[in-house]
Amino acid sequence: MTTDHISARQVVVRLNDVHKQYGEAKALDGVELEIRAGDAVAVMGPSGCGKSTLLNMVAGLDHPTSGTVQVHGQDLGTLNETGLALFRRRHIGMIFQFFNLLDDLPALDNVALAAQLTGVSAGRARGRALELLGDLGLADRRDAYPAQLSGGERQRVAVARALMNRPALLLADEPTGALDSRSGEQVMDLLNDLHGIGQTLLIVTHDPRLATRCAGRLVELADGRVTGQSTLEPAV
Ligand code: ADP
Ligand code: MG
């Protein structure tokens with residue numbers, strides 16, 4: 001019964017026999033992965049095992065040497081760079097270890113810009129950005145520039161930006177990797193809350209705490225191959 005319920009959920013990510021070769025180096029070596037709506041999946045493995053490469057394939061930021069990547073029903077291999085950029089803006093949110101905020105824009109504009117790039121008016125974009133910053137406890141930091149924010153605040157601004165266009169999929173690459181433990185905890189709470197409200201998540205990390213706190217499924221990666229998958233107990 002449970003299985004029927006799970007299999008009824010929409011497939012958000014499907015990787016079929018994905019290989020990625022950088023010169024002599026094999027970064028991905030035949031990866032199969034399926035993520036359904038509402039899943040929160042953590043990919044774990046040692047440095048250099050291909051985690052970021054995998055995430056970049058799903059985001060369409062890089063192309064497989066062979067194999068196919070489907071996201072939200074779209075085969076990314078059929079899109080050109082412009083199509084990929086549009087697809088990413090509409091359907092994918094991303095957060096990174098080092099936040100990747102624009103230094104010369106205040107928090108509010110960093111967040112609002114994500115919607116403006118999809119054609120939403122500045123006024124509407126700012127309205128939603130303010131709402132999101134409020135949800136993430138950052139309303140009073142709206143006018144602060146990234147340099148004036150703590151690491152944890154920067155990452156929460158980055159999460160707000162990633163959520164602006166209500167993405168089908170939120171990708172996170174080592175989102176706590178550059179944070180002190182207290183800020184890391186806040187970001188883990190936030191990702192856990194997002195999982196709780198049904199946001200589909202793919203997190204890559206080498207931090208087991210992040211995986212167990214925020215994900216329902218663990219995928220182990222070693223030398224570009226999936227070496228294990230397991231279900232994680234819900235966080236208390
Ligand atoms: P992880 O994120 O797990 O640390 P990566 O996906 O960054 O691992 O890297 C996997 C392997 O692919 C490593 O051996 C790395 O050196 C190599 N690699 C990644 N990106 C590139 C690139 N742009 N050019 C050449 N080699 C790369
Ligand atoms: Mg990496």
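This is a predicted model: local features need pLDDT of at least 70, side-chain atom pairs count only at pLDDT 80 or more; totals for chains, interfaces and linings use all residues.
**Ligand 1 site**

For G48 it is a backbone N or O atom, 2.7 Å from an oxygen atom of ligand 1. For K51 I looked at the side chain: one of its N or O atoms is 2.9 Å from an oxygen atom of the ligand. The T53 side chain also has an N or O atom by a ligand oxygen, at 2.6 Å.

**α4 against α5**

Then I moved on to helix packing. How do α4 (residues 107-116) and α5 (residues 122-135) cross? Their axes come within 8 Å, at roughly 125°. That angle makes α4 oblique to α5, and I noted the crossing as right-handed. On the α4 side the contact uses A107, L108, D109, V111, A112, A115 and Q116, while α5 brings A122, A125, R126, A129, L130 and L133. By type, I get ten nonpolar residues, one polar and two charged.

**α4 against α6**

I checked helix α6 (residues 151-163) too. Its axis and that of α4 come within 7 Å and cross at roughly 25°. Angles under 35 degrees count as roughly parallel, so α4 is roughly parallel to α6. This crossing is right-handed. From α4 I listed A107, N110, V111 and A114; from α6, V157, A160 and R161.

Methods: Residues are numbered from 1 along each chain as its sequence is written. Chains are lettered from A and ligands numbered from 1 in the order in which they are written. Side-chain values use heavy atoms; hydrogens and water are left out. Axes are lines fitted to C-alpha atoms, for helices over the stretch in contact, and angles run from 0 to 180 degrees between N-to-C directions. Helices (H or I, at least four residues) and strands (E, at least two) are DSSP runs, numbered from the N terminus. Angles under 35 degrees count as roughly parallel, over 145 as roughly antiparallel, 65 to 115 as roughly perpendicular and the rest as oblique. A crossing is left-handed if the near helix is turned anticlockwise from the far one by less than a right angle, and right-handed if clockwise. Contact means heavy atoms within 4.5 Å. Ala, Val, Leu, Ile, Met, Phe, Trp, Tyr, Cys and Pro count as nonpolar, Asp, Glu, Lys and Arg as charged, and the others, Gly among them, as polar. A polar contact is a pair of N or O atoms within 3.5 Å; within protein, one must be able to donate a hydrogen and the other to accept it, and residues adjacent in sequence count only if both atoms are side-chain atoms.
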